[in-house]
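Please open the model in your viewer and keep the sequence beside it, as this tour moves from one selection to the next.

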Amino acid sequence: MILLAMVAFAVASAIVLSKVSKGLSWFYLASPWTWTSSLGAFSSLPYSSHRVIDKRKQMTKEFINLERILDNESVMKRGKPRDESLEKIEASLARARALIREAMLNTPNNTSDLQDLDYVPEGNIYTNAHAFHRSYLLMEKMFNIFVYEEGEPPLFHYGSCKNIYSMEGLFFSLMEQDKKYRTLDPDRAHVYFLPFSVVMILEHLFDPIIRDKAVMERTIVDYVRTISHKYPYWNRSIGVDHFMLSCHDWGPRATWYVKELYYNAIRALCNANTSEYFNPKKDASFPEINLITGEIVNPTASLPPSNRSVLAFFAGNLYHGKIRAVLFKHWKGRDKDVQIYETLPEGLSYNGMMKKSKYCLCPSGHEVASPRIVEAIYAECVPVLISQHYVLPFSDVLNWDSFSVQVPVSEIPNLKKILMGISEDQYLRMLEHVKQVQRYFLVNDPPKRYDVFNMIIHSIWLRRLNVRIYS
């Protein structure tokens, strides 16, 4: 049965991609661990030599041929009227792609053309700081998002801003108030937001006893049908310039019921699990942040490295996924340097333990995402990531190897050996990088440049750059 399901999925994918390819062209500026394009990986590009200049000229010629807008004759042959608003959108995106690709080939010191008095990204925490900076400034200057107004709260345009799913509600709230990216003119939009809340659908319609998942199917299918009948934009692109966002474990499941939403649309998810068909070339991973009371809590002063007496720390539910069971089996109560708790003893606080630890363990639970990653970054504790099939948030631009330790599940028995094998100099460099990346995980209301809201928007911007829609 599993084999048949996989075959069916592959066939369905082939069918949808075949349909899409008739009106779309894919570029893949974004990818899971490093930005890629037809030029190759950002992080592997040479930055000097005549070969780079020649390569740039060659790629510029190829790019012009690749990105040219269809002329009147080609449109007439297809028997379709021109969509001038779409062509303007695609022309602007073509220019953005060209500028980002140019930034990929520029020397890291050549930043005179990127005027930014607030902040200039640089250093090892990025896969390519110059390209990211260029992309971010372009996003701020030109990116337009249209939010469909159909649907009533609490199922639409609203979400809870406290607990483990708080980022879903916060994004809805900030997007509703946004004046920077949001446009009220759908013809000017680069992407279209489907504002249904998976958390709210399940909270208000899902009966925990009957457990009828069809309520989610009916709600989402009806919503997509409504906007596809009222507006031309969904059918025009087969959904590729539309996005949904969810931090619920069932976020991916919510897209199963509309094949274009599942295969084509941008899915911004906390549960970014490739084994559940998260596709990093079109889907965006964003961090899970647990605002327990709904109050925005950002980093406070932490202890200096010399006062961090605990090598590694974790506290959490044992019965929350297979990875934690392995962690508890090998380390709970076995070593004073690796402190593992299911319930903290009286007198110890969770935040206090994180701040006195060098490394904070962040094993996946039932799903791949964990709020402990951001909690560790806030506490200036180097996160130790123990997961499988997880596409890390903002990994298009952030070099997670520079500020975290990634330990395969099979290496959990060797956890202490791995951490003790990291030199003090290397640990201090990672710690400094943790401090530097904090800005990208901060929650602000109203949003501030380079904070988590803007980084989510940037991840969606990159996915839109990955596709070319013909008129």
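Which strands does helix α16 lie across, and at about what angle does it run to β10? Select residues 424-437, which form α16, and you will find this helix lying across β9, β10 and β11, running at about 95 degrees to β10. Helices (H or I, at least four residues) and strands (E, at least two) are DSSP runs, numbered from the N terminus, and axes are lines fitted to C-alpha atoms, for helices over the stretch in contact, with angles from 0 to 180 degrees between N-to-C directions.

This is a predicted model, in which local features need pLDDT of at least 70 and side-chain atom pairs count only at pLDDT 80 or more, while totals for chains, interfaces and linings use all residues. Residues are numbered from 1 along each chain as its sequence is written, and side-chain values use heavy atoms, leaving out hydrogens and water.

Next, select the strands themselves: they form an open sheet of 5 strands in the order β8-β7-β9-β10-β11, with parallel pairing, where two strands pair if DSSP finds at least two bridges between them. At its edges are β8 (338-341) and β11 (405-406), each of which pairs on one side only. Inside the sheet, strand β9 (residues 357-363) is joined by 5 bridges to strand β10 (residues 382-386), and tyrosine 359 stands opposite valine 382 in β10.

Now select residues 322-331, helix α12, which lies across β7 (310-315), β8, β9 and β10 and runs at about 125 degrees to β8; contact means heavy atoms within 4.5 Å.
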